[in-house]
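Colleague: I am new to this structure and would like to learn how to read its features. Could we go through them one by one?

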Amino acid sequence: FSIAGTGCNAGAYPLATLLDVVSGTTCAISIPAQVASNGKRYLFYDWSDGSMANPRSVTPAANTTLQASFASQSKVFGSITPANGGSFVTNPAPATSDGYFFDNTQVTVTAVPAPGYSFASITAGTITYTITNQVTVTVPTTVSAAFSACTYSVSPSGTVAIGGGLTTQSVTVTTGAGCAWATSSSAAWLAVGQGSAGPGPVVY
């Protein structure tokens with residue numbers, strides 16, 4: 001913190017410092033609005049006399065103790081594999097746009113696969129969770145979400161001979177769990193019936 005004013009021992013000092021000032025002198029005191037290091041952040045909250053002013057002025061007439069209180073925050077970092085495989089969302093959102101939560105906030109983390117990918121795993125800190133789970137943020141935490149590229153196969157594949165008149169055919173689409181797909185017709189003479197989305201057979 002820093003203190004300024006005539007007779008106030010003006011200067012910058014570490015916290016928990018005892019200073020001699022001239023009784024009845026008005027001194028200006030300021031403290032950093034926040035202190036951050038390696039994903040941990042402390043935000044000034046108030047003084048022990050209830051004042052929330054920062055900077056503030058004091059005029060001590062006797063021995064006076066002022067204690068500053070801080071609210072602690074931790075950052076949630078993100079790691080996505082592969083980079084275009086998806087994302088994760090938190091509920092609630094971070095308290096600030098740079099990803100910090102107030103400590104002891106319960107956060108629901110949900111993995112969101114990108115189109116063409118399926119969920120593989122999500123880890124918060126050292127614990128692996130299902131696609132959606134709840135964590136309590138107390139320290140800087142890295143959320144690592146992994147996704148797998150979807151693969152698809154169609155059986156039978158190739159060209160299907162269709163005779164004249166109304167004909168019904170079917171193919172079976174096979175893919176991994178969590179991999180979405182849909183079918184549609186690009187021709188007026190071809191209509192998709194059952195199974196327009198996976199998994200399973202498509203009747204046309």
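This is a predicted model: local features need pLDDT of at least 70, side-chain atom pairs count only at pLDDT 80 or more; totals for chains, interfaces and linings use all residues.

Colleague: Which cysteine does C179 form a disulfide with?

Modeller: A disulfide is a covalent bond between the sulfur atoms of two cysteines. Here C179 is bonded to C150, and their sulfur atoms are 2.1 Å apart. The torsion about the S-S bond is -90°, and this link of C150 and C179 is left-handed.

Colleague: Where do C150 and C179 lie in the chain?

Modeller: C150 is in the loop between β14 (141-149) and β15 (152-155), while C179 is in the loop between β16 (170-175) and β17 (200-203). The pair therefore ties together parts that are 29 residues apart in sequence. C150, at 13% relative accessibility, also counts as buried.

Colleague: How many disulfides does the structure hold?

Modeller: There are two. C8 and C27 form a disulfide as well, with 2.0 Å between their sulfur atoms.

Colleague: What parts does the pair of C8 and C27 tie together?

Modeller: C8 belongs to the loop between β1 (2-4) and β2 (11-12), and C27 to strand β3 (residues 27-30), so the pair joins parts that are 19 residues apart in sequence. The torsion about the S-S bond of C8 and C27 is about -90°, so this disulfide is left-handed. Both cysteines, C8 and C27, are buried.

Colleague: What is the pairing when the bonded cysteines are numbered in sequence order?

Modeller: For the protein chain the pairing is 1-2, 3-4.

Colleague: Let us turn to the aromatic rings. How many aromatic pairs are there?

Modeller: A pair of aromatic rings is described by the distance of the centres and the angle of the planes. The count here is three aromatic pairs. For F44 and W47, the ring centres are 5.4 Å apart and the planes stand at 55°, so the pair is tilted. F44 and W47 are both buried.

Colleague: Which residues do ring pairs link into a cluster?

Modeller: The cluster is made up of F44, W47 and F70.

Colleague: Which residue lies over the face of Y100?

Modeller: That is R41, placed at 3.6 Å from the ring centre of Y100.

Definitions and conventions: Residues are numbered from 1 along each chain as its sequence is written. Side-chain values use heavy atoms; hydrogens and water are left out. Rings of Phe, Tyr and Trp (its six-membered ring) pair if their centres lie within 6.5 Å; planes under 30 degrees apart count as stacked, over 60 as edge-to-face and the rest as tilted. Buried means under 20% relative accessible area, exposed over 50%, partly exposed in between (1.4 Å probe, protein chains only). A charge sits over a ring if NZ of Lys or CZ of Arg is within 6 Å of the ring centre and within 35 degrees of the ring normal. A disulfide is a pair of cysteine sulfur atoms within 2.5 Å. Helices (H or I, at least four residues) and strands (E, at least two) are DSSP runs, numbered from the N terminus.
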